Amino acid sequence: MQGLVVRNTGSNYIVATDNDPSVEIPCKIKGNFRIKGIRTTNPVAVGDHVTIGTPGPDGVAFITAISPRRNYIIRRASNLSKESHIIAANVDLAMLVITVAHPTTSTTFIDRFLATATAYNIPALLVINKIDLLTEPEDNELLEAIKYLYTSIGYQVAFVSAKTGQGIEELRKIISNKIVLVSGNSGVGKSTLINDLVPGLNLKTSEISAVHDTGVHTTTFSELFRLPGDDGGAIIDTPGVRGFGTIDFDKYEVAHYFPELFEISKDCRFNNCTHTHEPGCAVLEALEENRIAQSRYASYLSILDDAQDEKYRKGY
């Protein structure tokens, strides 16, 4: 029997059958189930197309095979982990929900997410939520500066307010007929936004801490929700994360995942330039001339630091 993994809670999975997606079967995997070449905390992910056996007396079936993935996106399982965690598989668009206030999303987090999406050949969309809270003139200047920074290097940016509904219809058009991974820090209003996009879903939401201006995890596992009236569209909701750990990036390839660095690096003197100290480095020259944003270069260095062999062992 063929189906689609629509929920992952630890070692338990829910699979919607291809013949009738309304039929969902609880599934497990055998202890030695692994995908060749990928060592992860979850060998099966939401978005995977799988083959399952006949359910047992308890109604639970075993996943016996995974169809080849079009793509997948991973992050480090935790800040100290040497293993990766597959966030989702077979994704058309990676949507990162951020806020510039209450709470503030760091540019390092944004850039790590975008670089990872680029590394796995998944188009990315940056959605700035809670724009209803930005009422001062300088707030609009900040929004436009962020939009200019990321659109100028090829990323799409959308402004929304999940609370008031502003920008929601435009966002619907962008994600129509796509399998969309939705990620973001805790507290950015991700669950409220998904509730707007999938009426009647009623995902649990939570107020952010007034003291620390941070959110709490309201989503504890990944789950796929089909978009209403959309034959091929779905949202994959993921648990809120405070950090985005990259894994298995070669230090000589990290710049490839920063479009503006990659373009400028073609003029570097050395093919294996790390853009940190080498003579004739076009990236360092562009940085000095403010043709590259300081925040983007700082994010590049942070990922480069992850890639150092002495900091982490390889995941497999």
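Trainee: In which loop is the place of Asn290?

Mentor: This is a predicted model. Helix 6 covers residues 282-288 and helix 7 covers 294-306. Asn290 has its place in the loop between helix 6 and helix 7.

Trainee: Is Asn290 buried or exposed?

Mentor: Phi of Asn290 is near 60°, a positive value in a residue other than glycine. Exposed means over 50% relative accessible area. Asn290 has 61%, so the residue is exposed.

Trainee: And Asn90, is that residue buried or exposed?

Mentor: Asn90 also has a positive phi, about 55°, although it is not a glycine. Its place is in the loop between strand 7 and strand 8. The cut-off for buried is under 20% relative accessible area. Asn90 has 5%, so this residue is buried.

Trainee: Which peptide bond is cis?

Mentor: Look at the loop between strand 8 (93-98) and helix 1, where Pro103 has its place. Omega is near -5° for the cis bond, which runs from His102 to Pro103.

Trainee: Which residues of strand 4 are buried?

Mentor: Strand 4 spans residues 49-52, and its side chains alternate.

Trainee: Which residue in strand 5 stands opposite Ile52?

Mentor: Strand 4 and strand 5 (residues 61-66) run antiparallel and are joined by three bridges. Strand 4 also pairs with strand 1 (residues 2-9) in the antiparallel sense, again over three bridges. There, Thr51 is the bridge partner of Gln2. On the strand 5 side, the residue opposite Ile52 is Ile63.

Trainee: Why is strand 6 largely enclosed by the rest of the structure?

Mentor: Strand 6 (residues 72-76) pairs with strand 7 (residues 84-89) in the antiparallel sense over five bridges. In that pairing, Ile73 stands opposite Ala88. Strand 6 is largely enclosed because, of its five residues, the number buried is four.

Trainee: Is helix 3 roughly parallel or roughly perpendicular to helix 4?

Mentor: The axes of helix 3 (residues 168-175) and helix 4 (residues 190-197) come within 10 Å and cross at roughly 80°. Angles of 65 to 115 degrees count as roughly perpendicular. Helix 3 is therefore, relative to helix 4, roughly perpendicular.

Methods. Residues numbered from 1 in each chain as written. Predicted model: local features only at pLDDT ≥ 70, side-chain atom pairs only at ≥ 80, totals over all residues. Heavy atoms only, no water. Axes fitted to C-alpha atoms, helices over the stretch in contact; angles between N-to-C directions. Helix = DSSP H or I, 4+ residues; strand = E, 2+ residues; numbered from the N terminus. Parallel < 35°, antiparallel > 145°, perpendicular 65-115°, else oblique. Buried < 20%, exposed > 50% of the residue type's maximum accessible area, 1.4 Å probe, protein only. Pairing = 2+ DSSP bridges.
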